[in-house]
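I am opening a notebook on a structure that is new to me, and I will write down what I look up in the order in which I look.

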Amino acid sequence: MPTGKDKALGLIALAGLTPYQEKDGEEYMNEAQTEHFRKILAAWRAQLREEVDRTVHHMQDEAANFPDPVDRAAQEEEFSLELRTRDRERKLIKKIEKTLKRIEDDDFGFCDACGIEIGVRRLEARPTADMCIDCKTLAEIKEKQLQG
């Protein structure tokens, strides 16, 4: 079992990269950093698209007309769960596309609410983040208060 030291981060490893090492005096969201995140997002999007294709082929291959209603219901439930998962992944692909557009527009890496730097480590953990951790925490607290 891998230890914490040699275990690569999920999305970063998926992109075949290592965590970004900031240099002293380096400007935030310079070309090297934006390229790092562009690669991470592109690899994540490609992986999600492969999953969508795999699901389509699986559902076409597994589509059978079962005479037993229990078997038919089980298959329908399985397909329903897969479709729900793919719908979430489709929404995530749209969010990734939006984030890639923000990189192109030079608007990536800064909080939408307060405008400060989100931070390289937070963005590596959640590349589609558009709020700093403080603003996101406040937004979640407000959402809970409105629901409760």
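I began with cysteine 132, which I found in the loop between helix 4 and helix 5 (133-147); helices here are DSSP runs of H or I with at least four residues, strands are runs of E with at least two, and both are numbered from the N terminus. The model is a predicted one, in which local features need pLDDT of at least 70 and side-chain atom pairs count only at pLDDT 80 or more, while totals for chains, interfaces and linings use all residues. Residues are numbered from 1 along each chain as its sequence is written, and side-chain values use heavy atoms, with hydrogens and water left out.

**Entry: the cysteines**

Is cysteine 132 buried or exposed? I noted a relative accessibility of 4%, so cysteine 132 counts as buried, given that buried means under 20% relative accessible area, exposed over 50%, and partly exposed in between, with a 1.4 Å probe and protein chains only. Setting aside its neighbours within four places in sequence, I listed Cys111, Cys114, Ile116, Ile118 and Arg122 as the residues in contact with cysteine 132, where contact means heavy atoms within 4.5 Å.

I then turned to cysteine 135, which has its place in helix 5 and, at 15% relative accessibility, also counts as buried. With neighbours within four places in sequence again left aside, cysteine 135 is in contact with Cys111, Ala113 and Cys114.

In the record I found that an unreviewed UniProt entry gives the annotation "binding site" to Cys111, Cys114, Cys132 and Cys135. They span 25 residues in sequence, yet no two of their C-alpha atoms are more than 8.2 Å apart, so they gather at one spot. I keep in mind that UniProt positions are given in the numbering used here, that feature names are shortened, and that annotations may be inferred rather than shown by experiment.

**Entry: helix 2**

I looked next at helix 2 (residues 31-62), whose 32 residues reach 46 Å from the first C-alpha to the last, close to the 46 Å expected at 1.5 Å a residue; the expected span is 1.5 Å times one less than the number of residues. At its start, a side-chain oxygen of asparagine 30 comes to within 3.0 Å of the backbone nitrogen of alanine 32.

Among the buried residues of helix 2 I noted Phe37, Ile40, Leu41, Trp44 and Leu48. An α-helix has 3.6 residues a turn, so residues three or four places apart point the same way. Which helices do the buried residues of helix 2 pack against? I found helix 1 (10-14), helix 3 (69-104) and helix 4 (120-125).

**Entry: two positive phi values**

Methionine 29, in the loop between helix 1 and helix 2, has a positive phi of about 55° although it is not a glycine, and methionine 29 is buried, with a relative accessible area of 9%. Aspartate 106, in the loop between helix 3 and helix 4, is another residue other than glycine with a positive phi, near 65°, but aspartate 106 is exposed, with a relative accessible area of 64%.

**Entry: the whole chain**

Finally I stepped back to the protein chain, which has five helices and zero strands. Its C-alpha atoms fill a box of roughly 70 × 40 × 35 Å, taken along the principal axes, and buried residues make up 28% of its 148 residues.

Key
Polar contact = N/O pair within 3.5 Å; in protein donor to acceptor, adjacent residues only side chain to side chain.
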